[in-house]
Amino acid sequence: MHLAYRHKDEIVVEATIQFSSPWGLMSISTTESGISKIGFLDEPLPSVPLINQYISPKVREICNTLDKGCLTIDLAQNLQNAIDFINGKTGSEDIWISPVCTDFQFMVYRQLITIPSGSTATYSEVAVAIDRPSAIRAVASAIAKNPIAVLVPCHRIVPASGGIGNYFWGSDRKRQLLDYESYLSRYERRF
């Protein structure tokens, strides 16, 4: 997985689509430099393309209208790889992601990506791993602001006191994601 980031003051154009996942309807957005947002939806977004399994020619056309700048990634293929990864398909780990975030959030997100599927970590473990052991609250705040669900696996963070903890899209969905990844890591493949 490739991780780059943009500062909040940069203006970019995004293309957004909706797709079905094992946990319900999701939206995914891309810029010219990679996936910028992924989230769960309670209901479909009007006027946003809904795809089944594969990127349609219309979505490819939308992606081609984005200015690719100096990067040479195929944005539609990048979207397809992300959707395949989320849906548990092998061979789809080559994904460019580019959240809007601060330098500190970037350090946290980079650390989250290293947590293996089927595993969890605590906020304090993440703080220690980024060499900021006293920044537990700041780490928690960065994780709460993660714009890229599943690919930047904030759902793998649990409280040191035990339990599953909070999740922007609900603790039931967090439990489903953790159970699914645990199953995959034991029986099928590792993310």
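Visitor: What covers the buried residues of α5?
Guide: This is a predicted model, in which local features need pLDDT of at least 70 and side-chain atom pairs count only at pLDDT 80 or more, while totals for chains, interfaces and linings use all residues. Residues are numbered from 1 along each chain as its sequence is written, and side-chain values use heavy atoms, with hydrogens and water left out. The buried residues of α5 are Val139, Ala142 and Ile143, where buried means under 20% relative accessible area, exposed over 50% and partly exposed in between, with a 1.4 Å probe and protein chains only. Their cover includes α3 (103-113), α4 (123-129) and β8.

Visitor: Within what arc do the buried residues of α5 fall, seen down its axis?
Guide: An α-helix has 3.6 residues a turn, so residues three or four places apart point the same way. The buried set is Val139, Ala142 and Ile143, whereas Arg137 and Ala144, on the other side of α5, are exposed. Judged by the directions from the helix axis to the C-beta atoms, the buried residues line one face of the helix, so they fall within an arc of 100°.

Visitor: Which residues is Asn146 in contact with, leaving aside its neighbours within four places in sequence?
Guide: Asn146 lies in the loop between α5 (136-144) and β8 (157-158), and it counts as buried because its relative accessibility is 7%. Contact means heavy atoms within 4.5 Å, and by that criterion the partners of Asn146 are Tyr109, Val152 and Cys154.

Note on methods:
Helix = DSSP H or I, 4+ residues; strand = E, 2+ residues; numbered from the N terminus.
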